[in-house]
Amino acid sequence: MMWRRRIGIAMMVFFLPVNAPLFILATEALEWNVTQPDWFVGLSFLGLFCIGGILAFMPRVSIFRLFQAGDQS
C-alpha cells in the first residue's frame, strides 16, 4: 500500500466528523485553551476528513503524464 493511502486512511479515521465533539471535550479536560468556536472545529474536521478521502481513494497519477503533449483520446 502506498504511503499516501495509509496517511489518507489514518486521516479519515482520526478526523471522522463524530470525533469533533470528542476533541473539544478532550481539550477542555486537559484545560487547553481552544478559542475556536465549535462550528469551526466541526468544519475543519469535515475538511480534513475529505482531504483524507482524496488521499486514500485517488488513483495513482504521474505528474509527467499530465503535461504530455498530444491527443490523449
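Glu31 is exposed, with a relative accessible area of 71%; buried means under 20% relative accessible area, exposed over 50%, and partly exposed in between (1.4 Å probe, protein chains only). Glu31 belongs to the loop between α2 and α3, where helices (H or I, at least four residues) and strands (E, at least two) are DSSP runs numbered from the N terminus. This residue follows α2, and its phi is positive, near 60°. Most residues other than glycine have a negative phi; Glu31 has a positive value although it is a residue other than glycine.

The model is predicted: local features need pLDDT of at least 70, side-chain atom pairs count only at pLDDT 80 or more, and totals for chains, interfaces and linings use all residues. Residues are numbered from 1 along each chain as its sequence is written, and side-chain values use heavy atoms, with hydrogens and water left out. The mean pLDDT of the protein is 85, and 88% of its residues reach 70 or more; pLDDT is the predictor's confidence in each residue, from 0 to 100. Confidence is highest in helix α1 (residues 3–14), at a mean of 92, and lowest in helix α4 (residues 63–66), at 69. Where pLDDT is low, the predicted coordinates should not be read in detail.

**Overall architecture**

The protein has four helices and zero strands, and its elements run α-α-α-α from the N terminus on. Of its 73 residues, 18% count as buried. The protein exposes about 6,200 Å², of which carbon and sulfur atoms supply 70%; accessible areas come from the Shrake-Rupley method with a 1.4 Å probe, and for residues only the protein chains shown count as cover. Among contacts with a separation of 6 or more, 80% are accounted for by residues 24 or more positions apart, contact meaning heavy atoms within 4.5 Å.

Arg4 is found in helix α1 and is buried, with a relative accessible area of 15%. Leaving aside residues up to four places away in sequence, Arg4 touches Ile54, Leu55, Met58, Pro59 and Arg60. Met11 is also placed in helix α1 and counts as buried at 16% relative accessibility. With the same exclusion of residues up to four places away, Met11 touches Leu48, Ile51, Gly52 and Leu55. The table lists C-alpha distances for pairs that are separated along the chain.

| Residue pair | Separation in sequence | C-alpha to C-alpha distance |
|---|---|---|
| Arg4 and Ile54 | 50 residues | 9.7 Å |
| Met11 and Leu55 | 44 residues | 9.0 Å |
| Val34 and Ile24 | ten residues | 8.1 Å |

Helix α2 (residues 19–29) has the buried residues Ala20, Ile24 and Thr27. These residues lie on the same side of α2 because they cover an arc of only 65° around the axis, the arc being that of the directions from the helix axis to the C-beta atoms. An α-helix has 3.6 residues a turn, so residues three or four places apart point the same way. The cover over the buried residues of α2 includes α3. The face of α2 turned away from its buried side carries the exposed residues Leu22, Leu25 and Ala29. Val34 lies in the loop between α2 and α3 and is partly exposed, with a relative accessible area of 38%.

**A nonpolar patch on the surface**

Trp39 lies in helix α3 (residues 38–57) and is exposed, with a relative accessible area of 59%. Together with Phe40, Leu43 and Leu46, Trp39 forms a nonpolar patch on the surface, and the four have about 440 Å² of accessible area together. Patches are made of residues with over 30% relative accessible area and no salt bridge; like charges are joined within 9 Å and nonpolar side chains (Val, Leu, Ile, Met, Phe, Trp, Tyr) within 5 Å. A salt bridge is a side-chain nitrogen of Lys or Arg within 4 Å of a carboxyl oxygen of Asp or Glu.
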